Amino acid sequence: EGTSGGLPGTAVLSITVVAALGIGTATLPSGFWGVSYSAGVSATGGDGTPSFGLAAGSFPAGLYLDAGTGALTGTPASPGTSNFTVEATNALGLSAQQALSISIFPPLSVSTSSLSGGSQGVAYNETVSATGGDGSYTWVVSAGALPAGLSLAAGTGVISGTPATPGTSNFTVQVTSGDGQGSTADLA
């Protein structure tokens with residue numbers, strides 16, 4: 001109705017359906033106490049650029065979320081694992097949430113500063129130890145050499161065997177933790 005000649009009016013219309021808003025970040029990398037951290041939370045779908053916020057829990061002390069970009073940056077102030085929920089909200093007021101966590105590991109260092117002496121032909125057993133990191137360590141002699149007859153167990157840090165010859169051996173042990181940190185110490 002309402003057109004001349006008795007023909008009905010027509011109009012071409014369209015509907016745009018936007019993908020549901022979601023958070024595309026499922027995990028965040030670990031960090032290290034006192035070392036600059038940078039990671040990002042991303043959104044998927046939705047209409048336009050969302051804003052990000054903390055819905056529950058707390059970030060590791062020293063880390064901050066940029067509401068406009070989803071960047072999580074800063075310098076972790078203490079070790080530990082933080083569990084939190086991040087929320088993305090778009091211009092239409094729709095939101096999505098994702099539970100995440102970040103583990104912050106303490107700095108790794110070799111805590112053994114010296115080893116006891118041994119005797120030629122007598123069984124020897126000492127352990128080099130470390131602190132920090134994620135607690136899983138791999139050991140190697142990275143410079144110099146152990147006394148003939150002794151070996152270092154990579155998984156435990158135990159130096160054992162029977163010294164074959166007298167003398168002083170200077171060497172460097174290196175420890176690597178499962179979180180990727182490394183540390184060395186010069187021993188004799």
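User: Which residue stands opposite Tyr64 in β7?
Analyst: Thr73 in β7 stands opposite Tyr64. Strands here are DSSP runs of E of at least two residues, numbered from the N terminus. This is a predicted model, where local features need pLDDT of at least 70, side-chain atom pairs count only at pLDDT 80 or more, and totals for chains, interfaces and linings use all residues. Residues are numbered from 1 along each chain as its sequence is written, and side-chain values use heavy atoms, with hydrogens and water left out.

User: How many bridges join β6 to β7?
Analyst: Three, and the two strands run antiparallel. Two strands pair if DSSP finds at least two bridges between them.

User: What is the strand order in that open sheet of three?
Analyst: The order is β3-β7-β6, with antiparallel pairing. β3 (37-40) and β6 (63-65) are at the edges with a single partner strand each, so one side of each has no neighbour in the sheet.

User: Moving on to β8. What does Phe84 stand opposite in β9?
Analyst: Leu100 in β9. Phe84 in β8 also stands opposite Gly57. β8 (residues 80-89) is joined to β5 (residues 51-57) by six bridges and to β9 (residues 95-105) by 10 bridges; β8 runs antiparallel to β5 and antiparallel to β9.

User: How many residues lie between β8 and β9 in the hairpin?
Analyst: Five, and Gly93 in the turn has a positive phi of about 85 degrees.

Definitions and conventions:
Helix = DSSP H or I, 4+ residues; strand = E, 2+ residues; numbered from the N terminus.
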